[in-house]
Every structure is written in C-alpha cells, then in structure tokens.
Amino acid sequence: MPKLTIDSTSVEVPEGTSILDAARKAGIRIPSLCHLKGVQTIGACRVCLVEVEGARTLAASCAMPVADGMTVRTTTAKVRQARKTVVELLLSDHGGDCQTCVRSGDCELQSVARDLGITQVRYEGDRHCRLVDTSTPALDRDSSKCIMCRRCITVCNEVQATRALWAQDRGFQSVAAPAFGKSLAEVACVQCGQCAAVCPTAAITEKDHITPVWAALADPTKHVIVQTAPAIRAGLGECFGLPGGTLVTGKMVAALHRIGFNGVFDTNVTADLTILEEGTELLMRLKKALVDKQPVALPQYTSCCPGWIKFAEYYHPDTLPNLSTAKSPQQMFGALAKTYYAAKIGKKPEDLYVVSVMPCTAKKFEAQRPEMNSSGVQDVDAVLTTRELGRMITQAGIDFLALPDEQMDQPLGISSGAADIFANTGGVMEAALRTVWCVVTGTPFPFEKMHVAPIAGLEGVKEVSFTIPTAVPDWKFLEGVTVKVAVAHGLANADRLIRKIKAGEASYHFIEVMACPGGCIGGGGQPRFTDNEVREARMQAIFAEDEGKQMRMSHESPIVAQLYSEFLGKPLGEKSHHLLHTHYAARPVL
Amino acid sequence: MSKVTSISVCAGAGCVSAGSMAVSAALKDAIATRKLNVRVVETGCLGPCVGGPVVLCQPDGILYQKLAVADVAEVVEKTVMRGEVVERLAWKRAGTEAPTPLCADDPFFNRQVKIALRNCGVVDPLSIDDYIAHGGYEALNKALGMGPDAVIAEVKNSGLRGRGGAGFPTGLKWEFCRKAKGDVKFVLCNGDEGDPGAFMDRSLLEGDPHSIIEAMIIAGFAIGGSQGYLYVRAEYPLAVERLGIAIGQARKQGFLGPNILGKGLNFDLEIRMGSGAFVCGEETALMTSIEGKRGEPRPRPPFPAHSGLWGKPSLLNNVETYANIPAILNKGAAWYASHGTAKSKGTKVFALAGSIRNTGLVEVPIGMPLGDIIYELGGGVPNGKRFKAAQLGGPSGGCIPRQHLDVPVDYESLSELGAIMGSGGLIVMDEDTCMVDMARFFLDFVQDESCGKCPPCRIGTKRMLEIVTRICEGKGVEGDIERLEELGKQIRETSLCGLGQTAPNPVLSTIRHFRSEYEAHIREKRCPAGVCAGLVRAPCQSACPANVDVPGFIALVGQKKIAEALRLHRERNPFAAVCARVCFHTCEDKCRRSMVDDAVSIRGVKRYMADEEVTTQLPEVRPNDTNASRKVAIVGAGPAGMACAYFLARLGYKPQILEGESRPGGMPVQTIPAYRLPREILSQEVRMIERMGVNIETNQRLGRDFSLDDLRNRGFEAVFLGVGAPIGTRLGVPGEETPGVDDAMRFLREYNIRGSAPVGKDVVVVGGGNAAIDTARTAIRLGAKTVTVLYRRTRDEMPAYAEEIEESEHEGVVIKVLTAPLEIVAKDGKVGGVRCQLMTLGDFDRSGRRRPKAASEAPFVVPCDQVITAIGQTLDSKTLLGALPVAVGKDGFIIADKVTGRTSVDWLYCGGDASSGPSSVVEAVAAGERAAVAIDAQLTGAEHAFWRADVACNVPFNPDDEPSHVARAKMQLLAVDRRCGNFREVEQPWTESVALAESGRCLRCDYRETTCFK
C-alpha cells in the first residue's frame, strides 16, 4: 500500500486511491465542485488543486492517484491562492443573486467561496449567455448559474443513459445543455432529476410547486389533501440537519397537519394496491404463457417509476407491451382520491386538490401526463419534492425537530411494510414476491426477516430465482416452475439489462426498474447530497420501518380489502382497469 | 549548364491555389508536343511559398517562380531545349531582387538541412513507386530485421525529440509504450496542426505521405501495436486525399495489413478527420476525439503510454517526428545526432509567415540563431520596415524581440526567453505590429478554442481578453498589467491541459518584452505601432510624437487654407517651419498611402505651408492673470524648453527661459547647418514664442551662472530642464588627444554660433548619424578637399537620414562603411591619419543588428589632417544638477516620467535630449508640451490642455471617390555645383500645384462618418 505525506500527516492508502480520498482519511477536507465519487473524476473544476512535490503544475487531487513516497501540500499560499482565483473566476461568471436564489444556504459554490474566505471578486466582466429553460413540467434550467462542473452531463449520460445533456459550445460560452439549442422538453429527457440532485448550484432545479400549493391551501373552495411517498420519511430529516436515514414519519405527518392540509394520507396505501394489481397482472401473464400457451409479453416490467416509463418510451419502445399497465402508486392514489375519497366526503373531484410529496421530479411530469385524469380532472394537482416540502415547513415557521409524532389520517393512512420498501431498489420486487408467494403457495414467505437478500443493496443489476415448491389449486400450473426475477436501478444499468435480454443473453419473468440509483430513496427530489453512504442509510431506515410493522404484506392490508369490496371490485376488474391502469406510447428521440 | 532531365512542379496547397496544376499540365503538354525526354513531377512543397507556383529544373536546381501558363513555352524552349535561364522568371534572392536561378546560390536553400522534408519537392506524393525509388520502405525492412528493442534504441540514440512542441524524447516515449502492459496498443499520429501560421505538418502529409506511413508501421513494430490512426484536420482536404491514396497503395503492396513483408507483422492504418478544434492537438483531447466524443482533454495521469485511446496503451507522435524516423533508421542515430545542439539533436521545420520576405517552409539544424533564420533564409523584413519580434509556437508560444535575435533556436534557449519551439510556426512581426493587439488576437483565438472544461481557461482567458481589449481601446487603467500578470500566472498553474497552461503566454511574453508598449496604451493612451483603432485617429498623427493633426493640415493646405492649416499645426507643435525642414517624419513611415504607392510627402506639404506663411499664425492663447503671476523657469531655449514655454504661454503663463548660449534655439541653431535650416526660419518661430510673453535670457548657463537652488530661492514654483545633450561622446581609441581631433558637437557649434571653425584639408568624420553627415557636409562647404565618413556597420544601419547621406555623396563626401577606427595616427605632433579595421557582420546584438567584428584583412591607414568624431552625445549632469538629488539613469540622462516629465524632485521637470538621449526636434516639442501640461496641473490642480481635444476636420471628403493617382512629389534640391561652397538652403520650395496635388494624395484616415461630411 502506498504511503504518502499530506501536509504533516503520514497516510497509507490502497493503490489507486486519489489524493482527495487519502487526504480525507488524514482528516483533511479538500474542497471540490466537480468530483462525484465513483461517478465523475474529471479534474475539471480545479478547486481541489494541491501541490505535489516535484510536479510542474498544481494537481487536481480528485484525479491524481497517490504514489508511494509522495509529498502533498494542501494549504500552502500557492494552493490557497490558486483555489481562490479559480472560485473567483467562477463567481465572476455566475448569475449571483445569492439572496434570492432557491439554493441559497444549500449551494456548493456559495459554501466553497465562503470556506476559501473569498470576500471580493477581483475579476469582473461579461457573463456567458443566459438561457432559461422552463419547458418541462419537472425541471427548470438557468444556464447563467451553470459552472460547467459537468456532474449533470455525466449523471445524465453515464448513470442514466438518457443522453439529454451535453457540453455545448466552446470556450466562455460553453454550457451544459441539450444538443442543437433544443429545450429539455424537445429531447429525450426522462425528468428523473438526477441532474438537479447533483447540481452544485441552482443551474438545474425542480419546477416550483410550492407556490401553487400555498395558493391552494389559501383557497377556501379547495379541499387540499396530501399523500406522501414512502421514501420521504427516510429523507426529510436531512433538510433539518438530521443524519441521513433518520426516520421522521410522525414529525412529517405533524408538519403536514400544521401546514394546513385537510387530509394527510399515505401513498403506501396505493403501493399495497399496486402489488395486488401488478401481482395479479404478472400471474395472468404467466398463466397465459404456461397454461394457455399463448404469446405474451414477458418479462413483465414494473411501472411505478415515471422516469423509467419515459425512458422505455424513448429508448425501448418495443418493450412497452412488457410494462405493467398498473399506474404508479401516486397516480392510483390521485385517481382514488378524486373518486372514492371525494364521494366519501361529498366533494366534487374539481374541488379536491391533491398534493403529493415525492422524492422525485419525474412525478411532476407524470402527474400532468394527459391520460392521468381518470377522475375527469387531473388526478394529482401538485407534486412537491422532499426538498420542497422541507422548504415549505421552514416557510411555515415550523420547528420541525420539536414536533410530536402524529398519525396519518383515515381512510387512506394504513399500509403494510411491503409498501414502505417501495422506496428501496428491489423493494417493489420484494413486496410483490411476498404477496405472490403467499397467494400462490399458501405458505409463509420463507426469507429471513422477509427480505430477499440477493435483490437488496446497491449493486446495479441484481437477480434471484427460486422454484415454487407447492401451489394452491388456482395456481397449480406454477408448481415446480423456477421464477427468475431481476432488479435494476440507475437507467444505464436498466439499459444494459434490457440490451442483454434483447440479445438473448438473459431471460426473466419479472423485472423491477427504478430510474434513480438506490431507487426512490435516491430520487432526484431528495435532500442533497445523496451519495452511496446516504443511500445505504436511507435504505436501512426504510427496512426498519417495514420491520417495525405487524403487517408486512400488501394483500394483508385492510384498506386494500375495503377498497376492493366497497369500490373497485377485484384486481384487474373493470373499475380497476379504468382507474388504476394506463397505457404507454413510443416517443421519438429528437 | 546541364541538360534538364526532370522538372518538379510544386503541388503543395499554396502553389496549387496559385495555379501550379495548370502550369504542370501546360509543361507536360509542351514537353510532349516537342517530344522531349523530360519528366514532369508534381511534388510536395518545395519551400519558397512566396514565389508560388514554383518550378524546379533538375539536375542543376534552377528555380522559377510565379510561373503562369503563358510562361511555360518560354521555359521549355529556352531552359529545356537551349539550356538558357529565363532571368525574368528566375527566383529572386530576397532583398537584392537579383535573379538567383540556382538554388545553391541562395541561403534560403543552401543553409537548409532537409531530413524530415527530404522527399518534399522530390518525390511524387501520389506514387508509392516513386517513394520506393527514393529509398522508401527500406527503413521498415531494416527495422524488421533489427527487432523492436534495437529500433527503439536507435531512436533513443538519435536524440530525436517530439516535434509537436513539447520536445519529449521520442525514443523514451516509444520505450514506455513498449513496456506498457496490454494486448492491444495503438500508434497515433497527430496531424491536427492548428496554430495560426503553421503549415509544416500539412506540407509533409501532402508532400511525402509514405514516410509518415512507413514511420508508423515501424512504430507499431517497435511498441507491439497493430492498429494506427492518423488524426488529420478536415481543413486539410489535400493532405487527407493524398494520405488516403498512399494508405491504399501501401496496403496493396503489402506494407500494411497482415504479415507485412512476410515477416509476421500485422499493422494497419486509418485516417480520422478532426473538425479543426485547436484543443484536439492536445494528446488526450485528440484521443477523446478519435473515440468519437467531444474533443476535450482529461487529466494525466494516466498517461497515454499506459492508458490512451480506448484505455489502451497508445503512442502519439507528431507528423514531423514520424517524418524523421525512416531517415534515422536508414542513416543511423549517430548521423542524425550529428546535427543540432548538445541537448536538441537534428533539424526542425519552420513555417515562415508574417512580415518576412521568403514566406515558406524551411528545415534547419536545431540551434541556428533566430536572426539567421529570419535574415539569411527568410530574407529579412520587407518594405523597409524594422523587425520587431518573432512569434514562435503560435498562440501557446511567445515572442522573441529584437534584442534576442541571436538566440539559438532550440528547446531550452527559447523557453528561457518565455517562448517555445512549438510545432514550428514562426510569425515575423515588424514595427507596424502592436504587441498588445497581437496578444489580444492570440488570446481571442485561445478563448475561442478553449474547450470550456476548466474555469481558468474558460473564464480566466476571457477575463484576460477583456483586460487586453480594454487596453487596446484606450480604456486601460493603472494596475491592468499587474492584473494580467497575476491572472496569467494563475491560469498557467491551474489549468487542466496544455492549452490552458500556455494560453496566457502571448500576453505574458509581450508584457515581458514589450511592457513599455502596454504602458503607452494605458498611461499615455497611445498605440506606438499605430494599430489600435480606439487610440489611433490616423496612423500619421499617432506616429507624430507631438500628435500633430496631420490629415487636418494636409486637407486644409489642399483647400489653400494655409493660415488655418498653420494654426492647426501649431495647436500641437509651434515649430511648423523648423520641422518642415528637419523633421524625420515618422508620420510618413506609417502613412497608409504607402500601401497604394508611396507615403504622402507630409514634410513636403508642411514645407509648402510654412513657405506660404505671410503673417505668423498663432493658435488660441488664453490669457490668465493668475497664471501670469505664477513663476515658472525653463532652462535651455532649445525645442523642448521653447515648446514648454509656448504651451505654458497659451495657458496664460509668462515663463522665464534661461539659455547658456548667446542665441536661443538649442541644437537646431547650434548644430544643424544653415543649408538645412536657414537661421532666419528658426528665429521667426523663436520670436513668435517670445511675443507670446516668454522672456528669454541668454548667456545664463546652469552650473556656471546659476544653480537650480538659486531658481527656487528666486521664487520659481516649477522648473523645466531642457538642456539637451550637448557634449560629444569620446571615441576611446589611442591618439584621441592628438591635436586635430575634434568632436562634431564642438565643431558644429563653433561654426554655427561663432561663425568660423578650423577645417583640415583631408577630413575624416567618424560616425553614421545625422551629426556625422552634417559635419561632413559642413566641412565640404568650409573648403575641405576630401571628407571621408567612417562607419563600422553597413549603410542600411546608418542612423542618418538616407536622403542626407545621398546628398552628401553628391557633394563629394566618401562614405566608408564596415570600417572602424583603431587608432589616431600622429604625424609631426598632429593628426596624420586614422588606422582602421575593416569589419564584417557577426552575431545579432541587443539592438537587433548584427554586431560588427574585425574582418580578416589587415588594418590600414586613412590619411588625414583632421578627425571629427560624431558617435554620440551626452550631458554633464553633475555640473547641471549640483547637490540636488535628481535621479539619473545609468546612461547619464535624467530620469523623467514619460507622461508628465517630472523628475524625482517634485518641482523639477525635464524633457528633450537631456532625458531621452539625443533625439529629434519633434520628440523634444512633445516632451515640452507634456511637461507644460503637467506643470500647469501641479500649480493649478487641474489639466487645462485644451489643444489636446481632437477637432473634426471640416474639409469635405468623400470616401467613395477613387484615390488620386498622382505619384509622390519629390523635394526640389539646389544643384550640387550651386551649393557646395556655401550654406544656401538645399531644399527648394514647391509650387502651389505640386503642393495641392500632394495633399490630394492623402487618404484621410481621420475620416469618420460622424465627423466628416461628404
């Protein structure tokens, strides 16, 4: 293992470690603006420069591997001056309205400037041209705030394989943007928001839904209800300084009550419903294939993730028949809220205002898809990201940490642990397997703590297969069948998996795809900054929430049973079909 | 003359665009019709692009230039059939215009050593057979026999270094790549030549594509790679086309593909076209581009030798580097290493461009002095302009100024001066180039070409560009130079790749060598080269030290508004009549009319204007009682002191002038002979200034009759020192004390002030300036039988005005150049002669001229009975300044601020020769004006120089009219026999029609749509 000296500290780190990481081990924090561990190491921003003894110029510590006997200095006058100059130059070309910027206080450029002690910008001049792109329902771009760190480009291309953002133009005018001067809406952007999640400044942000939500809350003619996705409870605390993975379900509900929502409900309810609809759909497809011997689209892909759906519509339109037709839990909730719930409280759908809190920006897009109006009006009116909810709580003057725990409201507030794990990569699959296993075999789910270990965790593509030992009479044809499932998160991983399947190199029955790395807990709307450590912590919190519940399987949910008996009839029934299922269409890629 | 056997027609891109292909076709046709046995070959670049289309007749090497189809028949009939040279079409040696048909006779050719270019201009680039006939692919065969390690050892031993610019040892690079682990390795060629003014690689690819291919195969063999890529910019279509043909031929003949030459080597090549991004010349960006991505650099390590193209070990060399490889293998490492210097072996190809006579391509041994490349091979700077700097290495490089012309062109020496060898672009700039503007151009280029990846390059160069642009526009502020230096240093240290790290070089390098030019822009709001539009109203006016509105007075003379013209002139320079006779007219050097035919004779028009003056024309004077009561003393009634007094008087001051001599006028009255400046002319303008309220007291010598402290004690609030540099410099040779040795200052003053001076029979004048010529011509007029002027350099370098030298010769003066005095030989206790040494020109000295050194001839004596030295002037600052602590420069002249003329003592100002060293009347006038403005500003707390505001010229002008076709009018001179025995004015008046025609030649560069009406 190479041994090196950083400032006065001697450090030993594995071969290939960067100076930046080695320094961190030595307790030295080197600032950086472009580095994304494990994702992007391009040495572009020049903020992490250090002096390496014997080197001709300063070295970007993120990109420079350590060498045995190396002597590194991180705080010399030369280094400090260089970093300062670089950041001053960035500031000189930055649309700096810090006081009114949505990222104020949460801006990496701002904090790096502060940490470096920059109190004036010595170089003033032209700014690169400003392009404001508000074309998509989910994301806004303001190129004047772009510092060309290229995190968004790398994430969009390499993590998400979406290829919507590229480096455009050259020199001073270079900017991260879609090609040919197009707007985001005109290119194959899936609106996953991973770009916004990694953007160090406010160059890419989620579209503001706080304003319309406050307006609805102030409108006496509106009955405003809110649904919260499972991932929120594991992330929201971070907006208030709590460590990643702190569960704040009760405080979140309390905060939503205080903000003034007329009903605080759980998207988990429709997550449970999704399992029944989607699980039944899978069983029907299997039956059609195995019993009826008819051609059927297999594997079946999950459909809860709107980023993934849009990705498939752009890049894999031939797999659209394989996508489950079940709507996502958000949209099932919206449809039920404006029909079932509205009827229950005696309101017309148009008088109901449904807000969802999602870890996701693509949900903003999904909510306004034209077909998402089963109630006759747009089913979900506004979608707040976790970050936006955090800001709303602050705006409302609520001392979040001091809040008591409160319960979700009824009738849409009770859910199983299976619904909670929708937040994690592999969670939808596990939830489905729990129910399908029990329904098919009539025996308890045989995994430790009910978790399917091979499909949990942060591996990009995971798979598991098992043979069904016995089956109840209805599903007898599945006895002895080896069911193969796969889970992919991060669209580039999904893309690779699909290509493999199309090439005939792999085959499965059921595949879960989540657009964002880690699943919804790592969604594009979650608090910054989300790295693998944070993802891991949030996933554990979600598992804890699941394990803490008596009811661990979706089909056990009394609310689900009530919905079917009172309103929907049966899974895949006519009403379900109308309210809970949807269709997809290929989209041209530019 | 030998019989012509073959004719090479240059088919380089330059000659092709000049029409060489048509010439070639005509030649082939003419030869076929006449059934001659002569081969016509279309070859790569022959080198002298300036003469394109060029054609070379072998075996003698007779070069024809600028050949047209119409000339072909004559060439064939005379040269091919009859063995005669067609002088009209022959190559002309630069500067001499003498036909020099044989290449061997011209240093442009005979000082070159062609290794990389060995086949350019020799082989037919479209024929592999021709290449093989010239020894092609022998090196490959040899290499395959040697084995990879021996090949690498040979390259290492040759000392070859990367010709792309950085100069990394090539052999070492090959070795790294050979040792790198990997089953797939790539051989890459960098043909992305992007520097403005560089075309070495293009010419090689066009002219000798097989040598690059052969070298890449050898490289593939050496490192163990089987695939190569030639990265060539799409802007080089001819290179791409010829390379493509060559690759096809090589594949067909088994030099590319599997089992090459049956020796088991597999190697193939593909061309990748780049879209002309400068940054793709950077190795990692180039590889990213080949991979099909946006061409952007990435951090190193990993280095390409370990992880390059597609993450595989890759060897990347420049085109020229490869071109050397077959020659090294064929002739051996030792042979190659015998060229060049200790640290830089071999040769380097340069593309000569810019202000140089022989634009084109040359290959010289590394270490040749820059001056030799520019003057011997390049033929020097055309149009009588002075060399200013050479830009090496394009936008990443730096400039080398005049004082370093002797620098050996090698990697280390250039980098010590802040330049780089670069890929070989060598752009010569003359005095008309503004270095700030040049830096702005290159900065603009790199700013455009920055990939935008890292902030120092993306934003830093933009900020630098903004500062430099501001300076060029005249909006520069104090501290801008330091800001540029600091920012440049930071960009150099913090940028990701070589482009960014070198992007500030043009600015840093010009600041290093031309700081004063930046200061002139910022502090004096002046562009010395007359280029920057924001600072230059018209080039002539900008070139005038006193900033006289030249187009204005020329236009007014053209309207016969003589009085108005004179008043306009005297807005900035009172001495219209004096300067009409003695000014060295820098204005004419910058006159844009010279681009059409010849400069306007500005001094001629001025002379006419002054001759026509009936009553003395004074511009505005603003009486001011307060100023009148302020006491200002001026020491010296020369042009500087008089001008200072004049401008103060225009502000209402009544300054007091104290003059040491008995007559006011300074150098013009003391040392300029009356045949050039009649006494009455000067007196008139002196009287004019006196009439404005200036009091001149003569015979008051500073240091003898009064001291500066006395002036303070007498209540003078400010003092201007305009005492000139009246003392002749000593020669410093034995025998200088011998009676009969005099100095020019004393001799001329003696005659001009006291009316007589002793003159010998045979007079020797030592020196080459105006004082020397004035002395020689005065001596002739005073009855000397022979007058010989000795000058140690060449005639071109004589500082005296060319027309004065010429006229002195007409009057019988003998000019002996390249002759230096060694000793004054005494005879009978008096001067008997001067022992002289013939000189020859050696290295370039700090002035950018060749240093004279003793020639091999033995010394000889020029007999004479009087020696007058005119080699320089100085002043006795100790006597003048007394105990006053005034800062004095190493050269003995008084240090004064360039803008204000203020010395280190806050009430003491200085200007003219006393601070600048011997210079011109108009320089002194300018210095006097600046001091007057500064003195007034000091006394009143504000600037009142109302004459400095540009006034639009209201003489109608239509820019759409054809310029007049009249040729420049000559000055009329008194016949030699009517002037030699007297001091009558030599230059005679013009008639009105001549003057009007001449003023009509002005192109009115001052014209702006908003300031002139049609």
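The accessible surface of chain B comes to about 37200 Å². Carbon and sulfur atoms account for 50% of that area. Accessible areas were computed by the Shrake-Rupley method with a 1.4 Å probe, and for residues only the protein chains shown count as cover. The model is predicted: local features need pLDDT of at least 70, side-chain atom pairs count only at pLDDT 80 or more, and totals for chains, interfaces and linings use all residues. Residues are numbered from 1 along each chain as its sequence is written, chains are lettered from A and ligands numbered from 1 in the order in which they are written, and side-chain values use heavy atoms, with hydrogens and water left out.

Chain B contains 39 helices and 32 strands. Helices (H or I, at least four residues) and strands (E, at least two) are DSSP runs, numbered from the N terminus. The radius of gyration of chain B is 33 Å, close to the 31 Å given by the globule rule for 1014 residues, so chain B is as compact as a globular protein of that length. This radius is taken over C-alpha atoms, and the rule is 2.2 Å times the number of residues to the power 0.38. Along the principal axes, the C-alpha atoms of chain B fill a box of roughly 100 × 65 × 65 Å. Of its 1014 residues, 61% count as buried. Buried means under 20% relative accessible area, exposed means over 50%, and partly exposed lies in between (1.4 Å probe, protein chains only). Among contacts in chain B between residues at least 6 apart in sequence, 71% join residues at least 24 apart. A contact means heavy atoms within 4.5 Å.

One helix pair in chain B was examined. The axes of α19 (residues 480–494) and α21 (residues 505–522) of chain B come within 10 Å and cross at roughly 170°. That makes α19(B) roughly antiparallel to α21(B). Axes are lines fitted to C-alpha atoms, for helices over the stretch in contact, and angles run from 0 to 180 degrees between N-to-C directions. Angles over 145 degrees count as roughly antiparallel, under 35 as roughly parallel, 65 to 115 as roughly perpendicular, and the rest as oblique. On α19(B), the contacting residues include B:I481, B:L484, B:E485 and B:R492. On α21(B), they include B:V507, B:I511, B:R515 and B:Y518. By class, this contact has seven nonpolar, two polar and seven charged residues. Ala, Val, Leu, Ile, Met, Phe, Trp, Tyr, Cys and Pro count as nonpolar, Asp, Glu, Lys and Arg as charged, and the others, Gly among them, as polar.

B:G167 lies in the loop between α7 (148–158) and α8 (170–179) of chain B. At 4% relative accessibility, B:G167 counts as buried. Leaving aside neighbours within four places in sequence, B:G167 contacts B:R161, B:G162 and B:Y411. B:G167 and B:T321 are 154 residues apart in sequence, yet 9.9 Å apart in space, C-alpha to C-alpha.

Chain A has 18 helices and 18 strands. Its radius of gyration is 25 Å, which agrees with the value near 25 Å for a compact globule of 590 residues. The C-alpha trace of chain A spans about 75 × 55 × 50 Å along its principal axes. Of the 590 residues, 63% count as buried. Chain A exposes about 21500 Å², and carbon and sulfur atoms supply 52% of it.

A:M70 sits in the loop between β4 (59–60) and β5 (71–73) of chain A. With 13% relative accessibility, A:M70 counts as buried.
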